[in-house]
Amino acid sequence: MAPQADARSIFVAFKKSYDEKTSPRLKICDAFITFFLLNALLLFAYCVLVGSFPFNAYLGGLFANLGMLIFTVSLRMQAAPANTPQFQGISIENSFCDYSLCAVLLLFTSVHFMG
């Protein structure tokens, strides 16, 4: 019974620290990261269980999800206050503009790839 209590206390401490120290902006990024990860896993599970008949559509959807996941992780890294020294001279607005531009380019590429 002790390992469960330890795991629960670790989870509670992590959640408390996350809620106290993480800004709402980073929580939104984390929600997007979770969404894209779960969406990619769901798409992969669908491919395994049902099949990937329109393979271009499967690859386009999977690459779009993984690409947005990577872009969002990059945006979160640039927006985190702990990483400010590594991204000197890059404002959050500039990072979000880059994120938006990359998202639009990824969308056009995915739609073009799906045919």
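This is a friendly tutorial dialogue about reading features of a predicted model.

Visitor: Hello! I would like to begin with the helices. How many residues does H2 have, and what span should they cover?

Guide: Welcome! Helix H2 runs over residues 24–49. At 1.5 Å a residue, its 26 residues should span 38 Å, and the end C-alpha atoms lie 37 Å apart, which agrees.

Visitor: What follows H2?

Guide: Gly-51 follows H2, and its phi is positive, near 125 degrees.

Visitor: Which residues of H2 are buried?

Guide: Here is the general idea: an α-helix has 3.6 residues a turn, so residues three or four places apart point the same way. In H2 the buried residues are Leu-26, Cys-29, Asp-30, Ile-33, Phe-36, Ala-40 and Cys-47. Keep Asp-30 in mind, as we will return to this residue.

Visitor: And which residues of H4 are buried?

Guide: They are Ser-95, Tyr-99, Ala-103, Leu-106 and Ser-110. The cover over these buried residues of H4 includes H2 and H3. Take Ser-95 as an example. Its relative accessible area is 5%, so Ser-95 is buried. If you leave aside neighbours within four places in sequence, Ser-95 is in contact with Leu-75, Gln-78 and Ile-90.

Visitor: Now the aromatic rings, please. What describes a pair of them?

Guide: A pair of aromatic rings is described by the distance of the centres and the angle of the planes. In this model the count comes to five aromatic pairs. In one of them, Phe-14 and Tyr-18 have ring centres 6.2 Å apart and planes at 25 degrees, so the pair is stacked.

Visitor: Where do Phe-14 and Tyr-18 lie?

Guide: Both are in helix H1, which covers residues 2–21. They are four residues apart, about one turn of the helix.

Visitor: Which residues do ring pairs link into a cluster?

Guide: Look for Phe-32, Phe-35 and Phe-36, which ring pairs link into a cluster.

Visitor: What about charged side chains? How many salt bridges are there?

Guide: Side chains of opposite charge can pair when their charged atoms come close. Here the count comes to three salt bridges. One joins Asp-19 and Lys-15, at 3.1 Å from N to O. Asp-19 and Lys-15 are four residues apart in helix H1, so about one helical turn separates them. Another joins Lys-27 and Asp-19, at 4.0 Å from N to O.

Visitor: And with which residue does Asp-30 form a salt bridge?

Guide: Its partner is Arg-76, and the closest N and O atoms are 2.4 Å apart. Asp-30 is in helix H2 and Arg-76 in helix H3 (residues 55–79), so this pair ties together parts that are 46 residues apart in sequence. Asp-30 counts as buried, at 16% relative accessibility, while Arg-76 is partly exposed, with a relative accessible area of 23%. As for the other bridges, shared partners join Lys-15, Asp-19 and Lys-27 into one network.

Visitor: How accessible are the residues of that network?

Guide: Lys-15 is partly exposed, with a relative accessible area of 42%. Asp-19 also counts as partly exposed, at 37%. Lys-27 is partly exposed too, with 28%.

Visitor: Which residues make the nonpolar surface patch?

Guide: Find Phe-44, Tyr-46, Val-48, Leu-49 and Val-50, which together make a nonpolar patch of about 590 Å². Val-48 lies in H2, and its 55% relative accessibility makes it count as exposed.

Visitor: One last item: how far apart are Leu-66 and Leu-41?

Guide: In sequence they are 25 residues apart, and in space 10.0 Å, C-alpha to C-alpha. Leu-66 has its place in helix H3 and counts as partly exposed, at 33% relative accessibility.

Definitions and conventions:
Residues numbered from 1 in each chain as written. Predicted model: local features only at pLDDT ≥ 70, side-chain atom pairs only at ≥ 80, totals over all residues. Heavy atoms only, no water. Phe/Tyr/Trp six-rings, centres within 6.5 Å; stacked < 30°, edge-to-face > 60°. Helix = DSSP H or I, 4+ residues; strand = E, 2+ residues; numbered from the N terminus. Patch = residues over 30% accessible without salt bridge, like charges linked within 9 Å, V, L, I, M, F, W, Y side chains within 5 Å. Areas by Shrake-Rupley, 256 points an atom, 1.4 Å probe, with all protein chains shown as cover. Buried < 20%, exposed > 50% of the residue type's maximum accessible area, 1.4 Å probe, protein only. Expected span 1.5 Å × (residues − 1). Contact = heavy atoms within 4.5 Å.
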